[in-house]
Amino acid sequence: MALWSGRFQEQVGEFTQRFGASLPVDKKMYAEDIAGSLAHSAMLAQQGVISAQDAEAIAEGLAAIRGEIEAEEFPFDINNEDIHMSIESVLTQRIGDAGKRLHTGRSRNDQVATDTRLYMKKRAGQLMEANLELRRTLLEKAQQHPDAVMPGYTHLQHAQPVLFSHHLMAYTWMLARDFERLAAARKAADANPLGAAALAGTTYPLDRFATTQALGFARPIPNSLDAVSDRDFLLDLIYACSVSCLHLSRLCEELILWSSSEFGFVTMADSYSTGSSIMPQKKNSDFAELIRGKSGRVVGDLMALMMTLKSLPLAYNKDLQEDKEGAMDAADTLEDCYRCAAGMVATMTVNGGAMMAQAKKGYMAATDVADYLAKKGLPFRQAHEAVGHLVLLCEQRGCGLEDLTLEDFQNESPLFEADIAGCLDLPVIVAARTTYGGTGHEAVKVQMAEAQQQLESD
Ligand code: ARG
């Protein structure tokens, strides 16, 4: 019989019991549920609501239950509906009346909100660790290849040459912002609903500040209705996960392109590739594709919870039971994606030669040649047009800007002199971009030092 069965004459059927249960999802929060119960019962004893002996029996019983759950020996039963009633009913079977007093001044509504906040605080912290690990890996890879020049793209067309290290570093900054978002989500979860009871607070002299301190929360939630119905903290966490997954999907999309025969910029390690069951030659970037694909599901988790919360009246409604599965999925998925991406990046081979070969195509020196003329006094728009003509000439001849003679240049503008050769050399072009945040070698070094510093302080 359910713990709440007093006013019922009939039980729900086997199917509805299973349909209504959340145990398969919320059993992951067993440690938080036990921590919440320990804090609650200790506080009840402190306030004289239950006896010290009862609190002691509860603490002993809960410690034993925790051990059994961890040893996978706990008698879980779907008829107990959720982790809260699973633990409480087994505790009560074992310690009798003391167990029955644990729920004094408490409701599953504040209990589940408390467990979920504790759990997600922990998960956000773990995600932040995994985030740091991936940033470290990207930074190391960039440091291992400080000079490789690759095409920089806009519209996926060759634009201007950039350092591979600069390109990779761009992702460390996205991930650094994701770290901040995860930290903000952790902070949002860091408030204590316990003591709100079902919705209105309680007549027992509960000390909510004591449980707040015992559970390591920053503050008690000041409104009991808000305490049991607020799930913003989950939206914040899933949003943070979604944005980071989107960043990973962009990284992976590039890795997939770069490891294709058309690019050949990187070679994925065999351990991060898969073959084909029919085509013997195939080596596919499956894991990068999977990360790219999983981002869709995580964004779906965000949409799903937003829709669940839309128009939901105060206070607790069973709809809220749907909150945990998506949030847990988003956190688990992002954690795995971080780990997989770090492994992929650490083990991939960077083919600087292939990058340079591609960088030579597409007249990527054109902007610098135009700047050369502009610096000699020609208005930039005119310089732009003159270099456009030179590009056209190259297209007609099927050659690159570096293959034109000085005479070709001078036919277009008498301002060209022999030193134009310096503007056609890709490493020189790259190195010249010395402004803060630019792709020049020196600027990238500054950026790497900053990223390193932030990694250490995060
Ligand atoms: N399993 C429930 C959930 O996850 C716990 C709270 C249930 N409260 C209630 N009044 N039915 O939301």
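At what angle do α8 and helix α19 pack, and how far apart are their axes? Keep that in mind as you tour this predicted model.

**Stop 1: the domains**

Colour the protein chain by domain. Domain 1 is 13-104. Domain 2 comes in two pieces, 109-195 and 228-357. Domain 3 is 362-451.

**Stop 2: where domain 2 touches domain 3**

Show domains 2 and 3 together. Their C-alpha centres lie 37 Å apart. Here 16 residues of domain 2 are in contact with 13 residues of domain 3. Now select the domain 2 side of this contact. The elements giving two or more residues to it are α7 (108-144), β1 (149-154), β2 (157-163) and α8 (164-189).

**Stop 3: α8 and α19**

Back to the opening question. Select α8, then helix α19 (residues 441-457). The two pack at an angle of about 30 degrees, and their axes are 11 Å apart. Angles under 35 degrees count as roughly parallel, so α8 and α19 are roughly parallel to each other. Their crossing is left-handed. Show the side chains next. From α8, the contact uses Ser 165, His 166, Met 169, Thr 172 and Ala 176. From α19 come Val 444, Gln 447, Met 448, Ala 451 and Gln 454. By class, this contact has 5 nonpolar residues, 5 polar ones and no charged ones.

**Stop 4: α4 and α5**

Move to helix α4 (residues 52-70) and helix α5 (residues 83-95). Are they roughly parallel or oblique to each other? Their packing angle is about 120 degrees, with the axes 10 Å apart. They are therefore oblique. This crossing is right-handed. On α4, select Ala 57, Ile 58, Gly 61, Leu 62 and Ile 65. On α5, select Ile 87, Val 90, Leu 91, Arg 94 and Ile 95. These make the contact. By class, the contact of α4 with α5 has 8 nonpolar, 1 polar and 1 charged residues.

**Stop 5: the UniProt annotations**

Select residues 6-300. In an unreviewed entry, UniProt lists them as "domain: Fumarate lyase N-terminal". This stretch is 62% helix and 6% strand. Its end C-alpha atoms are 40 Å apart.

Terms used. Residues are numbered from 1 along each chain as its sequence is written. This is a predicted model: local features need pLDDT of at least 70, side-chain atom pairs count only at pLDDT 80 or more; totals for chains, interfaces and linings use all residues. Axes are lines fitted to C-alpha atoms, for helices over the stretch in contact, and angles run from 0 to 180 degrees between N-to-C directions. Helices (H or I, at least four residues) and strands (E, at least two) are DSSP runs, numbered from the N terminus. Angles under 35 degrees count as roughly parallel, over 145 as roughly antiparallel, 65 to 115 as roughly perpendicular and the rest as oblique. A crossing is left-handed if the near helix is turned anticlockwise from the far one by less than a right angle, and right-handed if clockwise. Two residues are in contact if their C-beta atoms, placed from the backbone, lie within 7 Å. Ala, Val, Leu, Ile, Met, Phe, Trp, Tyr, Cys and Pro count as nonpolar, Asp, Glu, Lys and Arg as charged, and the others, Gly among them, as polar. Domain bounds come from an automatic or database domain assignment. UniProt positions are given in the numbering used here, feature names are shortened, and annotations may be inferred rather than shown by experiment.
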